[in-house]
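Let's take a friendly walk through a protein model. Have a look at the picture first, and then we will go through it piece by piece.

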Amino acid sequence: MKLEKKNVASALAVLCLGMAVFLASFHTDHAGVAGTTAGSVRTSVQISGDLSVDDVKFVEESGETRIDFDALKAQNPDIYAWITVPGTGIDYPVLQKGDAADPYDDYYLNHTLDLREGYPGSIYSHAVNQRDFEDPVTILYGHNLKDGSMFSGLHEFEDQEFFEKNHQILIHLPDRTVTYEVFAAVDYSDELLPCAYDFSSPGEVRRYLADVGSCAGNFREDMEVSEEDKILTLSTCYSGRDDRRLLIEAVMTESVQIR
């Protein structure tokens with residue numbers, strides 16, 4: 001199916017009453033803090049008190065980027081991937097709570113990779129997602145912060161010119177590198193997506209794509225995306241709009257094994 005930009009944002013269905021209390025807490029937690037200034041890109045990212053990006057990310061003579069996952073896992077075994085969004089300052093480990101009893105555990109919303117509580121938190125996924133990015137829809141979360149860190153740089157995609165020129169997301173895993181192409185940047189509700197949609201169902205993935213396509217935002221009109229694709233959703237908050245989320249939607253285009 002082809003996603004078509006609509007002029008009017010859709011009214012999305014609310015979750016069942018039984019989830020209301022849970023979601024109210026989730027919404028509050030994901031409010032974030034004031035956003036970054038457009039165009040700000042950090043060049044030296046400190047990923048923990050002991051490690052910077054330069055300590056664990058390097059380019060081999062072949063030109064291929066490598067991540068020292070051994071060093072990262074020595075810091076925290078919950079680190080399972082690395083995300084880079086070219087054109088922004090997003091260059092971070094991705095975490096998932098390994099012993100989470102709740103599939104929607106938000107521990108890393110308010111914990112850094114060295115387990116300190118509070119901001120800036122971490123880039124993370126819920127345990128409802130597998131760690132191999134092979135789910136029909138994988139969702140990563142991160143804060144929108146004043147200093148431009150974490151997922152603040154996603155707001156660059158709200159600018160039409162930036163959106164047209166920057167459309168790649170890279171996910172590094174211990175055994176391969178995955179490339180995604182961005183097809184949408186939309187203003188969405190703050191509902192908990194894995195609860196609102198059963199992404200194991202192709203029909204539910206189609207419904208999700210249709211809902212994304214009916215939102216206000218930027219779209220790559222020449223891209224065909226269907227329930228057969230593997231989709232990556234990056235989610236962050238707005239400054240002063242606690243009931244909305246910015247979603248960056250991308251589709252997997254390449255998965256290259258590390259030699």
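In which loop is Leu115 found? Leu115 sits in the loop between β4 and β5. Please keep in mind that this is a predicted model.

Most residues other than glycine have a negative phi, and most peptide bonds are trans. With a relative accessibility of 47%, Leu115 counts as partly exposed, because buried means under 20% and exposed means over 50%.

Another residue in the loop between β4 and β5 is Pro120. The peptide bond that leads from Tyr119 to Pro120 is cis, and its omega is near 10 degrees. Phe133 also has a positive phi, near 60 degrees, and is not a glycine either. You can find Phe133 in the loop between β5 and β6. Is Phe133 buried or exposed? Phe133 has a relative accessible area of 1%, so it is buried.

## Strand β3 and its partners

Now turn to strand β3, which covers residues 79-84. Since 6 of its 6 residues are buried, β3 is largely enclosed by the rest of the structure. β3 runs antiparallel to β4, and 5 bridges join the two. They form a hairpin with 6 residues between the strands, and Gly87 in the turn has a positive phi of about 95 degrees. β3 also pairs with strand β7 (residues 168-172), in the antiparallel sense, over 3 bridges.

Trp82 is a handy landmark here. Trp82 stands opposite Pro93 in β4, and Trp82 also stands opposite His172 in β7. In a regular strand the side chains alternate between the two faces of the sheet.

Strand β4 (residues 91-95) holds Tyr92. Tyr92 is buried, because its relative accessible area is 4% and buried means under 20%. A polar atom of the Tyr92 side chain lies 3.1 Å from the backbone nitrogen of Met150. Tyr92 and Ser52 are 40 residues apart along the chain, and their C-alpha atoms are separated by 9.6 Å.

## Strand β10 and its neighbours

Which strands pair with β10? Strand β6 (residues 137-141) pairs with β10 in the parallel sense over 5 bridges. Strand β11 (residues 241-257) runs antiparallel to β10, with 8 bridges joining them. To follow these pairings in the picture, look for Tyr141, which stands opposite Ser235 in β10, and for Thr236, which stands opposite Leu246 in β11.

β10 and β11 also make a hairpin, with 2 residues between them. In the turn, Gly240 has a positive phi of about 80 degrees. β10 itself (residues 231-238) is mostly covered, with 8 of its 8 residues buried.

## Helix α6

Helix α6 has 12 residues, 202-213.

The buried residues of α6 are Glu204, Val205, Tyr208, Leu209, Asp211, Val212 and Gly213. What covers them includes β6, β8, α5, β9, β10 and β11. An α-helix has 3.6 residues a turn, so residues three or four places apart point the same way.

## Aromatic rings and cysteines

How many aromatic pairs does a search of the whole structure find? The search finds 8. One of them joins Phe157 and Phe162 edge-to-face, with 5.0 Å centre to centre and 85 degrees between the planes. Phe157 is buried at 0% relative accessibility, and Phe162 is buried at 13%. Tyr197 and Phe199 form a stacked pair, 5.7 Å centre to centre with 15 degrees between the planes.

Finally, consider the cysteines. Cys195 is partly exposed, with a relative accessible area of 25%, whereas Cys215 is buried, at 2%. A disulfide is a covalent bond between the sulfur atoms of two cysteines. The count of disulfides comes to 0, by a rule that asks for two cysteine sulfur atoms within 2.5 Å.

Definitions and conventions:
Residues are numbered from 1 along each chain as its sequence is written. This is a predicted model: local features need pLDDT of at least 70, side-chain atom pairs count only at pLDDT 80 or more; totals for chains, interfaces and linings use all residues. Side-chain values use heavy atoms; hydrogens and water are left out. Buried means under 20% relative accessible area, exposed over 50%, partly exposed in between (1.4 Å probe, protein chains only). Helices (H or I, at least four residues) and strands (E, at least two) are DSSP runs, numbered from the N terminus. Two strands pair if DSSP finds at least two bridges between them. A polar contact is a pair of N or O atoms within 3.5 Å; within protein, one must be able to donate a hydrogen and the other to accept it, and residues adjacent in sequence count only if both atoms are side-chain atoms. The expected span of a helix is 1.5 Å times one less than its number of residues. Contact means heavy atoms within 4.5 Å. Rings of Phe, Tyr and Trp (its six-membered ring) pair if their centres lie within 6.5 Å; planes under 30 degrees apart count as stacked, over 60 as edge-to-face and the rest as tilted.
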